[in-house]
Amino acid sequence: MWLSLIGAAFDCGFCKNKILEVVGNGIASLSVEYRMDIDVMTTESAALSSIWMTDEAVREWLAVHGREEAYQKLEPTGDALYDGLIEIDLSRVEPMIALPFHPSNVFSIRELCSDREYLDGVLASVERDAYTRSGLTYTLRDKVQDKRLTVQQASIAGCAGGTFDNIAAAADILDGYKMAGDGISLGIYPASQPVLLETMRQGVAERLMLSGATMRPCICGPCFGTVDVPPNNTLAIRHVSRNYYSREGSKTDSGQLSAAALMDARSIAATVRNRGRLTAATEMDTVYRKFDYHFEKSIYTGGVYDGFGCPDPSVHVHKGPNIKDWPDFPEMGRHVLLKTAACFEGSVTTDELCPSGEASSLRSNPGRIAAYTLISKDREYVEYAGNIRNALENGNPETCSVMEQVCAMLGAERKDISYGSLIISDKIGDGSSREQAVSNQKVLGGWANLAVEYSTKRYRSNCISWGLIPLSCEERPDLKKGDYLLLPDASQKIRMGEEQLEAIILKTGEKVRLSIGEMTEEERRMLVLGGMINYYRSIR
């Protein structure tokens, strides 16, 4: 169901920045875990958030987890008004697959398996997309056997796939089957330690392991591309949240490119049982067992420090040598001078701004993880942006000359002008809400982004939180890498609540109006102070 929703709603922007309210008689037929699985994927439809009506199943789930008192009945009442409606007939939903390189690249598994000509056309489009993005040859049509696409690796993992219900269903499908050592592999990553323990107590893990599956740690690894990295030029199927380009451990500069497709856990197990040939779970004659789930709260007792509502200043947080503090971020000067560090056509995703894989291990080291910014899209960006950041301090002649020109133009002193880098693209921010996608830019001296469109409100809000001015325009101005853009009186206009800033393109003297959109008073102050760290320091 979740892939059907994303496939139908993403490209047309129907859900963009909206809150989805999920209601209807069909909810009663979905387990609470299944609802959670759908809920975590609404992000990939570009929705801001989602809320669900509640019922006795939710009360029971909370009771199992020792939180029954938190239950509240939620359902529409009276004459509610909505911006739009998505109606899903659950009786007609069929297993789907999201092929590389986006969760919205959705197709029916049944259709792909029944029409060879249609399958070849779909796979050819993915191959062309891979070449356009990387310049590398990535093949899928050579992986078709007996009219079916074959895959080389599988994972059921994390917050989306690693629920007890999903893992137990996979065990039922694979019961009595033994995977071949030279065939497709299956890694199972439970969503939590209690889920892992329950799979062991109920015999689910044992049955999976006897089938040849591997029980993995309770981490988000497959979604981040940090574990079970597919071999070069292969296709993995995963029940995880997303499958963006260059996410699964690819190293395109070394000629290595692999990719993942998204599927539901049951169809993944069915495909594994069919020796890697793409198979929908509905093709299998499986009897699914019923389990009474037990939550073991003691797992977290003593193992996790919980200071919510009862902070203990005496507790010392130990930092390893790779955990570094944030650098000091300056407040915004009266005027802002920007030098374009990168210009792109099309979309720039959060995964390109901050890649997954090995870079994720550096997320507690702002300087080191920033060195991976845009590494799959523009390998010169990090050095170029760093040079912009350090140009005045290092006495770069060109920068000093431009700064003198701007000071004379505005009748200002150098201290009145914030100077930093700018990224320009048609669309910025598609993907997860990973804050490093913005904080990396800030660490490298970024002061603004300029886009025709911000993919999600989450990314735009992250820009504000990290002190990057979210500039937008209906038509891109004539700016190229290395060009300068001046925002006179930017900080004052932001403080005063203006939603547009006048900008001057220095190479031509042309003046353009750029939107910064609506912001709360808190957001405006945060932006002018140079980000959320400075803001919270100011109100302590």
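Predicted model: local features only at pLDDT ≥ 70, side-chain atom pairs only at ≥ 80, totals over all residues.
Which residues lie nearest the centre of the second largest pocket?

**View 1. The centre of the second largest pocket.** E21, V22, V23, L85 and I86 are the residues that lie nearest the centre. They belong to a lining of 28 residues. The volume of this pocket is about 720 Å³.

**View 2. Strands in the lining of the second largest pocket.** Two strands, β1 (19-22) and β2 (49-52), each supply at least two residues of this lining. The largest share comes from β1, with 4 residues. Sorted by class, the lining holds 17 nonpolar, 6 polar and 5 charged residues.

**View 3. The centre of the largest pocket.** This pocket has a volume of about 1400 Å³. Its lining is made up of 42 residues. Nearest the centre lie L30, S31, Y34, D165 and R266.

**View 4. Helices in the lining of the largest pocket.** At least two lining residues come from each of α1 (2-9), α2 (32-41), α3 (56-64), α7 (164-174) and α11 (265-273). Of these, α7 gives the most, with 6 residues.

**View 5. Residue classes in the lining of the largest pocket.** Nonpolar residues number 23 in this lining. The lining also has 12 charged residues and 7 polar ones.

Conventions
Residues numbered from 1 in each chain as written. Heavy atoms only, no water. 1 Å grid on protein atoms, 1.4 Å probe; cavity = no way out; pocket = protein on both sides within 12 Å on 5 of 7 lines; lining within 4 Å. Points joined across faces, edges and corners; volume = space filled by probe spheres on them. Nonpolar A, V, L, I, M, F, W, Y, C, P; charged D, E, K, R; others polar.
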